[in-house]
Amino acid sequence: MMKSQAQTGHIFRFTLKKEWLKLLLWLTGCAFYVIMGVVAFVEVYGDPLERQSMAVAMQNPAMEALFGRAIGIDNYTIGAMYSHTMTILGFVLFAVMSILLVVRNTRSEEEDGILEMIQALPTGRLAHTTSAILLLLLTNGLLAIISTVLLIVLGDGSMGTEGAILTGIVYGMSGIVFGSVTLVTAQLSSNARGAMMMAFGVLGASYMLRIVGDSGIELLSWLSPLGLLYGSEPFVNNYWFPVWISIGLSLLLITIALWLKHQRDMGAGLLPDRAGKRHATALLKTPMGFVLKLVKTPLVVWAIAMLLLGVSYGSVIGDVEGLLEGNEVIEQIIAADPDLSMVDQFMAMILGVLAMAATIPSIQVLLRLRGEEKKNRLEKIIAGSHSRLVIFGSFIVVSVVVVVLFQLLQSFAFGGSAVFMDYDVLLREIIVAAMAYIPAILVMIGVASVLIGWLPKLTSLIWLYVGFAFVVLYFGGLFDMPDFINGLSPFYHVPEMPIEEWSWTVTTVLSLLSLVLMAVGYAGFRRRDID
């Protein structure tokens, strides 16, 4: 056993040096999620009467499907509200972080040939996988500590120390449980994409199982890892038994993963691969088809997420007015106009948030170009018969198509759900309002293309720009930011339909700016050497 773990410490230190920046960014984002929830609830819902009104509105199937079954309703303190509305979504966020972390440091490195070089050295057969397990535990341990400290420091009197510690631990356990699931799927599939899809499939099934369980069949909620950890009810009842069960489940999954890793051959998966086609399709032979093949799997996952997000927001739109009316902080966030419907203004803000969500996969498509370059695969394509313009343009075109399709999908889901819930809204207006954000998203794609063309090693900076745009969109009114700072975000210039009118000037200017940025990006890509 010791022989199979030889050099685990050295590999772990190497992995930590390689991953520290990504982990720092992820942990910063997770910390911001906790800060945003605590500060918002303390500032917005300081009045107990407002909290009780919120508690009544949260007791409907749509809200429970999104946030979980209502807890602490009799005394809906800030702590109870935080646990109710922030826990499930936090679990999903931290699970996604851990799934990507494990896949990146197990199956992806094996697929890229890195593991073969490592095991050519005097290292143990399980050392590489064990180092990924240690990294998973370290990351989620830091997440638990950071979350606990933030909740203690920023929370009010209802957020006691025990509840803060329990919240931090269940946050970390959500990442460890689904990271452990990913360790198993990494042994079952022969490639990173398959391992990731299976892990996300387990996460999605857990979420749906919890929804069904919370709607009446309580046993199903306890069978879901998300429902199980949610049952700890921090700041309300502080149950610890879900933590012990989750620890046992994680240990079992990690043991199974190590045993499976010991059984299989390098580069192979324990599940048989599906037989591929004998001949490539006509589309796959084109650069555009090749790009679509590369990004098909993550786009399917994103499409499902966008659909669920749109349906979730649309299904609760009818309950919004009772929650928001008279709350001064909420009015500052959405820049409320007393002459306009509060719900219409809220819808305008949500459409902006959905547009920000659609920005992420569209940029990921374009950044795949840089990813192929770093893996030394792009030079083989460029050495063929296709020019750099065709290759660069193919990624740009697919990114643009993704923007349009995802905005249509989200607007149909959001507007259709609102219509189904009998809210007085025209589906056509919702779709048009969503389309108004497309030029702003194209500007973000243009900025990403400039980074790829001229500053390829700094392409990750685009995510800081996306984060800045989100803060301006969501908190610009609350923080009273100067116009010149707000104006740096393309989303700030988009008219907030349906409470404002379409602006052809904004649409034209942002569209032209995006084209200029894409052209500048291509100019740099054409001139520079391929890494």
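# Close-up views of the predicted model

View A. Residues are numbered from 1 along each chain as its sequence is written, and side-chain values use heavy atoms, with hydrogens and water left out. The side chains of Arg210 and Asp214 form a salt bridge with an N to O distance of 2.7 Å; the term covers a side-chain nitrogen of Lys or Arg within 4 Å of a carboxyl oxygen of Asp or Glu. Both residues belong to helix H9, 4 residues apart, or about one turn of the helix. Helices are DSSP runs (H or I, at least four residues), numbered from the N terminus.

**View B. Arg370 and Glu373 are joined by a salt bridge at 3.3 Å, N to O.** Because Arg370 and Glu373 are 3 residues apart in helix H16 (residues 342-374), about one helical turn separates them. In an α-helix there are 3.6 residues a turn, so residues three or four places apart point the same way. Arg370 and Glu373 are buried.

**View C. A salt bridge connects Glu110 with Arg264, with 2.7 Å between the closest N and O atoms.** The pair links distant parts of the chain, 154 residues apart: Glu110 is in helix H5 (residues 107-111), and Arg264 is in the loop between helix H12 (241-263) and helix H13 (287-315). Glu110 and Arg264 are buried. The structure holds 11 salt bridges. A network of salt bridges links Lys18, Glu19, Arg104 and Glu109.

**View D. The loop between helix H11 (225-230) and H12 contains Phe235, a residue other than glycine with a positive phi, near 70 degrees.** Phe235 counts as buried because its relative accessible area is 10%. Asn238 lies in the loop between H11 and H12 and, although not a glycine, has a positive phi of about 55 degrees. With a relative accessible area of 18%, Asn238 is buried.

**View E. A patch of positive charge on the surface consists of Arg193, Arg274, Lys277, Lys293 and Lys296.** Patch residues have over 30% relative accessible area and no salt bridge, and like charges are joined within 9 Å. The place of a charge is NZ for Lys and CZ for Arg. Accessible areas come from the Shrake-Rupley method with a 1.4 Å probe. Arg193 is part of helix H9 (residues 192-214). The relative accessibility of Arg193 is 37%, so Arg193 counts as partly exposed.

**View F. Arg13 and Ser131 are 8.4 Å apart in space, C-alpha to C-alpha, and 118 residues apart in sequence.** Arg13 is located in helix H1 (residues 8-44). Arg13 is partly exposed, because its relative accessibility is 46%.

**View G. Helix H23 (residues 504-527) has 24 residues and reaches 35 Å from its first C-alpha to its last.** This is close to the 34 Å expected at 1.5 Å a residue, where the expected span is 1.5 Å times one less than the number of residues. The buried residues of H23 are Thr507, Leu510, Ser514, Leu517, Met518, Gly521, Tyr522, Gly524 and Phe525.

Definitions and conventions: This is a predicted model: local features need pLDDT of at least 70, side-chain atom pairs count only at pLDDT 80 or more; totals for chains, interfaces and linings use all residues. Helices (H or I, at least four residues) and strands (E, at least two) are DSSP runs, numbered from the N terminus. Buried means under 20% relative accessible area, exposed over 50%, partly exposed in between (1.4 Å probe, protein chains only). Patches are made of residues with over 30% relative accessible area and no salt bridge: like charges are joined within 9 Å, nonpolar side chains (Val, Leu, Ile, Met, Phe, Trp, Tyr) within 5 Å. Lys and Arg count as positive and Asp and Glu as negative; His and the chain ends are not counted.
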